[in-house]
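The stops below come in the order in which to select them.

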Amino acid sequence: MADLQVAPWILAIPVKRTAIAKSRLAPAYPQHRPELARAFAVDTTAAALASPLVRAVLVVTDDPLVAADVTAAGAYAVPDLPAAGLNEALLHGAAVAAAEFPDNGVAALSADLPALRPAELTAVLAACTAPRSFVVDQPGTGTTLLAAAPGVPLDPRFGVGSALAHQASGAMPIELTGIESVRRDVDTAADLAHAVQLGVGPATADVMSLVLGAATGTEGLAC
């Protein structure tokens, strides 16, 4: 493990069923939207597992394909037993993490970070020295990562305006440069174009190749 004065972390990544996930991508990618959502989760999970400050990754999902993919990558698939939304899924994941790894901090990480770089995630986790810390997304209003030190409740407040909500709850913003890949979540076609510029992971790159094939007529028109 890297010689950093930070306890190792357990990451909780919530993933919706890909049949309904990433609906704002549907206009641009009607055929490939579910595949993209699945690929984002796989690439995010793989990058998180590659950070030396991450002891384990728990993926909270009821999607069997995603569960199989992330398990193959080395993560733990945790059924979304609450099935009541994002924050409830994260609370469940945090509870499982606390029970299995009581001496570790828990960080909630967005599942739609296909350009995530392990080194940038490591820098962020190393900077999470407050009881609770968070990373503001690229647009500046949302949250891509929320971390809680060992024994500190995660208290997730994801949703519209979550950056302000997390700050109001006492979490400290991580103000680092050079962490674009941690901040670049993907909700729209423009977001995905930016992520591709940063460099997406192999699963997302494979789906984008299919998209390109569709656009050039080698796979049938789909977008």
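In this tour, buried means under 20% relative accessible area, exposed means over 50%, and partly exposed is what lies in between (1.4 Å probe, protein chains only). The model is predicted: local features need pLDDT of at least 70 and side-chain atom pairs count only at pLDDT 80 or more, while totals for chains, interfaces and linings use all residues. Residues are numbered from 1 along each chain as its sequence is written, and side-chain values use heavy atoms, with hydrogens and water left out.

**Stop 1: Asp-69 and Arg-38**

Select Asp-69, which is partly exposed at a relative accessible area of 22%. Asp-69 belongs to helix α2 (residues 64-73) and Arg-38 to helix α1, so the pair ties together parts 31 residues apart in sequence. Helices (H or I, at least four residues) and strands (E, at least two) are DSSP runs, numbered from the N terminus. By the salt-bridge rule, the count comes to 5.

**Stop 2: Lys-22 and its partners**

Next, select Lys-22 and Asp-112, whose side chains meet in a salt bridge (2.6 Å, N to O). This pair links distant parts of the chain, 90 residues apart: Lys-22 is in the loop between β1 (9-15) and α1 (33-49), and Asp-112 is in the loop between β4 (105-109) and α4. Is Asp-112 buried or exposed? Asp-112 is buried, with a relative accessible area of 8%.

Asp-187 is partly exposed, at 24% relative accessible area. Salt bridges that share partners join Lys-22, Asp-112 and Asp-187 into one network.

**Stop 3**

Which residues carry the UniProt feature "binding site"? The unreviewed entry places it at Thr-143, Gly-159 and Ser-162; such annotations may be inferred rather than shown by experiment, and their positions are given in the numbering used here, with feature names shortened. The three span 20 residues in sequence, yet no two of their C-alpha atoms are more than 8.5 Å apart, so they gather at one spot. The lining of the largest pocket includes Thr-143, Gly-159 and Ser-162. On a 1 Å grid over the protein atoms alone, a pocket is an open set of points where a 1.4 Å probe fits, with protein on both sides within 12 Å along at least five of seven lines; lining residues have an atom within 4 Å of a point.

Zoom in on Thr-143, in strand β6 (residues 143-148). Thr-143 is buried, with a relative accessible area of 5%. Move on to Ser-162, in helix α5 (residues 162-168), which is buried at 1%. Leaving aside neighbours within four places in sequence, Ser-162 is in contact with Thr-141, Gly-142, Thr-143 and Arg-157, contact being heavy atoms within 4.5 Å.

**Stop 4: Glu-120**

Last, select Glu-120 in helix α4 (residues 118-127). Glu-120 is buried yet has no salt bridge, and the nearest side chain of opposite charge, Arg-117, is 5.6 Å away. Beyond its neighbours within four places in sequence, the contacts of Glu-120 include Gly-178 and Val-182.

Key
Lys, Arg positive; Asp, Glu negative; His and termini not counted. Salt bridge = Lys/Arg side-chain N within 4 Å of Asp/Glu carboxyl O.
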